[in-house]
Amino acid sequence: MRAWRVTEPGSVAGEPIALRTEPVPSPARGELLVRVDACGVCRTDLHVVEGDLPVHREHVVPGHEVVGTVADVAAGPTSGFVIGDRVGVPWLHSTCGRCAYCRRGAENLCAASTYTGWDADGGYAEFAVVPSAYALPLPDGYTADELAPLLCAGIIGYRALCRTELPAGGRLGLYGFGGSAHLVAQVAIHQGARVHVLTRGEHARRLALELGAVEAGDAYDRPAEPLDAAIIFAPVGDLVPVALEALDRGGVLCLAGIHMSATPPLDYRRHLFHEKESRSVEANTRDDALAFLRFAGENRLRVETRSYRLDDALGALRDLKAGRFAGAAVLHPSSDRGLR
């Protein structure tokens, strides 16, 4: 099979990943071998490739928004999956199941947790392996392209929205409007929220308005009304005081990324007084994933994607970093589809 591996973490302006030909992996007990139909290109992949995140596995295959077909099932528990099933391979790869966090339903905080495309080889390849207990059933009515971004961008956005505790009919600000934000905006609007989008890029602002946002401005603009909650998706620490200042009394700011540049000093009265709160998001639980995918199955989401051949994974990462598209990039192992 063909697979991209991180050779030496560094800027995607260079060539920190290389396309290799290697044997198809064999699933171990309790694992599924998945033929990759599509793999989303997430900003976390960019952080892994460029070295913003510490190396967990040398020469890892990136990618954790994998939609595929079960090609082989090893002995042991299979969570009901059989050969031929469509399945999702998400960011969360495993947890210990025994620690206090796992026992209380917070497996995303498990110190022994591992992640697809960081600790274990992911989906920038023609095949991938996943523990069956962490594979996800997928909703009907979506193409593989559309499903891929749901498996991280959608799930993390959903968890971030839940973490804001946005009141009914509340005013939500979204800072950055890529793969995750354009999905969570639709969830929030469906729930009755007034969504304000603050982001770079005219094409992203146009998409936000098409999806029902009440306004779309630059990332550093002041929204037209005070916000009950805000989510920062852009990995830009300078936006933290901007978003906090935009909150109304008692508002909650949620930081949705796994990596962020340094946050500038905060002024207590301007940014934190009136019981404002700042919360982070770390990965997700399987319950989060199932709840979001259930929502997506019951409420058809518009998923904006741009397709790339697997061979052009480096180009997709470069385009993501430069903000050259709205929505999410998706890789295809098949090279005969006439893609970009």
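Let's start with a pair of helices: the axes of helix H3 (residues 144–164) and helix H4 (residues 181–190) come within 8 Å and cross at roughly 50 degrees. Here an axis is a line fitted to C-alpha atoms, for helices over the stretch in contact, and angles run from 0 to 180 degrees between N-to-C directions. The H and E labels are DSSP runs numbered from the N terminus: helices (H or I) have at least four residues and strands (E) at least two. This is a predicted model, in which local features need pLDDT of at least 70 and side-chain atom pairs count only at pLDDT 80 or more, while totals for chains, interfaces and linings use all residues. Residues are numbered from 1 along each chain as its sequence is written, and side-chain values use heavy atoms, with hydrogens and water left out.

H3 and H4 are therefore oblique to each other. For the cut-offs, angles under 35 degrees count as roughly parallel, over 145 as roughly antiparallel, 65 to 115 as roughly perpendicular, and the rest as oblique. The crossing of H3 and H4 is right-handed, a word used when the near helix is turned clockwise from the far one by less than a right angle (anticlockwise makes it left-handed). From H3, the residues Pro149, Leu150, Ala153, Gly154, Gly157, Tyr158 and Leu161 meet Leu183, Val184, Val187 and Ala188 from H4; contact means heavy atoms within 4.5 Å. Sorted by type, the residues of this H3–H4 contact are nine nonpolar, two polar and no charged. In that sorting, Ala, Val, Leu, Ile, Met, Phe, Trp, Tyr, Cys and Pro count as nonpolar, Asp, Glu, Lys and Arg as charged, and the others, Gly among them, as polar.

## Charged partners

Side chains of opposite charge can pair when their charged atoms come close. How many salt bridges does a search of the whole structure find? There are 20 salt bridges, each one a side-chain nitrogen of Lys or Arg within 4 Å of a carboxyl oxygen of Asp or Glu. One of these pairs is Arg2 with Glu126, whose closest N and O atoms are 3.2 Å apart. This pair links distant parts of the chain, 124 residues apart: Arg2 is in strand E1 (residues 2–6), and Glu126 is in the loop between strand E7 (114–115) and strand E8 (127–131). Arg2 is buried, with a relative accessible area of 18%, whereas Glu126 is partly exposed at 22%. Buried means under 20% relative accessible area, exposed means over 50%, and partly exposed is in between (1.4 Å probe, protein chains only).

Asp37 and Arg35 form another salt bridge, with their closest N and O atoms 3.9 Å apart. Asp37 is buried at 18% relative accessible area, and Arg35 is partly exposed at 39%. There's a network too: salt bridges link Arg5, Glu22, Arg57 and Asp121.

Why is H1 largely enclosed by the rest of the structure? Seven of the eight residues of H1 are buried, so the rest of the structure largely encloses this helix. Those buried residues are Thr44, Asp45, Leu46, His47, Val48, Val49 and Glu50. They pack against E1, strand E2 (17–21), strand E3 (31–41) and H9. Just after H1 comes Gly51, with a positive phi of about 85 degrees.

Just after H9, Gly323 takes a positive phi of about 70 degrees.

A salt bridge ties in here as well: the side chains of Glu50 and Lys321 meet at 2.9 Å, N to O. Glu50 is in helix H1 (residues 43–50) and Lys321 in helix H9 (residues 313–322), so this pair links parts of the chain 271 residues apart. Glu50 is buried at 17% relative accessibility, while Lys321 is partly exposed at 37%.

## Positive phi in two loops

Ser79 has a phi near 55 degrees, a positive value in a residue other than glycine. Ser79 is found in the loop between strand E4 (66–73) and strand E5 (86–89), and is partly exposed at 47% relative accessible area.

Glu275 is another non-glycine residue with a positive phi, near 60 degrees. Where is Glu275 placed? Glu275 is in the loop between helix H7 (268–272) and strand E14 (277–280). At 69% relative accessibility, Glu275 counts as exposed.
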